[in-house]
Amino acid sequence: MPRAVPMAIREQVVLRHRTGSSALELSREYGLSRQTIYNILDKSKSGASLHPDYEYCGKVRPRAGDFIYRAVRCLRTWHPSWGAEKIRAYMQLLRPELSLPHYRTFTRWFHWNSQITPRLRSTLPPTPHKWAKKLHEIWQIDAKEEMQLLDGKKACWLNVVDEFSGTVISPPVFSL
C-alpha cells in the first residue's frame, strides 16, 4: 500500500532539484519512485500545494444522505436475517432503474454500521462414543459399490474393520 510522502521530504526534493539534482538521483536517495519525484516536481512547478491529499486515501464511505445507502440500512434493520445478495436483488426488483453497487459493498456497509449478525449454527448434542475395549467388540462396516476393476468388470464389497485392532476382516467381494 502506498504511503504518503512527508511534507519535509517533498520540500527537500524540490530544493535539491532546483540545485541541479536529477530525478534519478533523488529517487535513489529518498527511496521513492521516479514517478513520485516527477509528481512532486510537477506540483511545485504548477504552483499547487505540496501537501499530501489525505482525503483521497482509503475507502470512500457513502454520505448519510445517499438514497441507496439509507435504503440498504433500512432493509437490513427491518429484515436482519436477509443477506446482502437478497437485499440487492429486492432493491433491483423494486427500483430497476437504480445503478446498484456490488453486493460486497452492501456487506462492507453492514460492517461499518455494526449490522452484522452472527450465524446461528444448529448443533446436535454431543454423543459419547463408546470405543471398543476388546477384539471383535465393534466392527466398522463400509460398502464399496460398483467399483471398476482393472479388467473392466464392476464389483461390490463390504469393508469390515475391527475397531479395537484396526485390522481388515476378510471382505466378501461380489461381482456384477
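Author: What follows covers the core, then a loop residue and the cysteines. The model is predicted.

The largest nonpolar core has 14 residues, and those touching the most other members are Ile68, Val72, Ile87, Met91, Phe106, Trp109 and Phe110. Isoleucine 68 shows how the packing is made: beyond its neighbours within four places in sequence, isoleucine 68 is in contact with Met91, Leu98, Ser99, Leu100, Pro101, Phe106 and Trp109. Another core, of 11 residues, lies apart from the largest one and includes Val13, Ala23, Leu32 and Ile37. As a general point, nonpolar side chains in soluble globular proteins tend to be buried together.

Serine 33 is found in the loop between helix H2 (23-30) and helix H3 (34-46). Serine 33 is partly exposed, at a relative accessible area of 38%. Its side chain makes a polar contact of 2.8 Å with the side chain of threonine 36. The C-alpha atom of serine 33 is separated by 44 Å from that of isoleucine 87, although the two residues are 54 apart along the chain. Isoleucine 87 itself belongs to the largest core.

The cysteines remain. Cysteine 74 is partly exposed, with a relative accessible area of 34%, whereas cysteine 156 is buried, at 17%. The disulfide count is 0, with a cut-off of 2.5 Å between cysteine sulfur atoms.

Key. Residues are numbered from 1 along each chain as its sequence is written. This is a predicted model: local features need pLDDT of at least 70, side-chain atom pairs count only at pLDDT 80 or more; totals for chains, interfaces and linings use all residues. Side-chain values use heavy atoms; hydrogens and water are left out. Buried means under 20% relative accessible area, exposed over 50%, partly exposed in between (1.4 Å probe, protein chains only). Helices (H or I, at least four residues) and strands (E, at least two) are DSSP runs, numbered from the N terminus. A polar contact is a pair of N or O atoms within 3.5 Å; within protein, one must be able to donate a hydrogen and the other to accept it, and residues adjacent in sequence count only if both atoms are side-chain atoms. A nonpolar core is a set of buried Ala, Val, Leu, Ile, Met, Phe, Trp, Tyr and Cys residues joined through side-chain atoms within 4.5 Å. Contact means heavy atoms within 4.5 Å.
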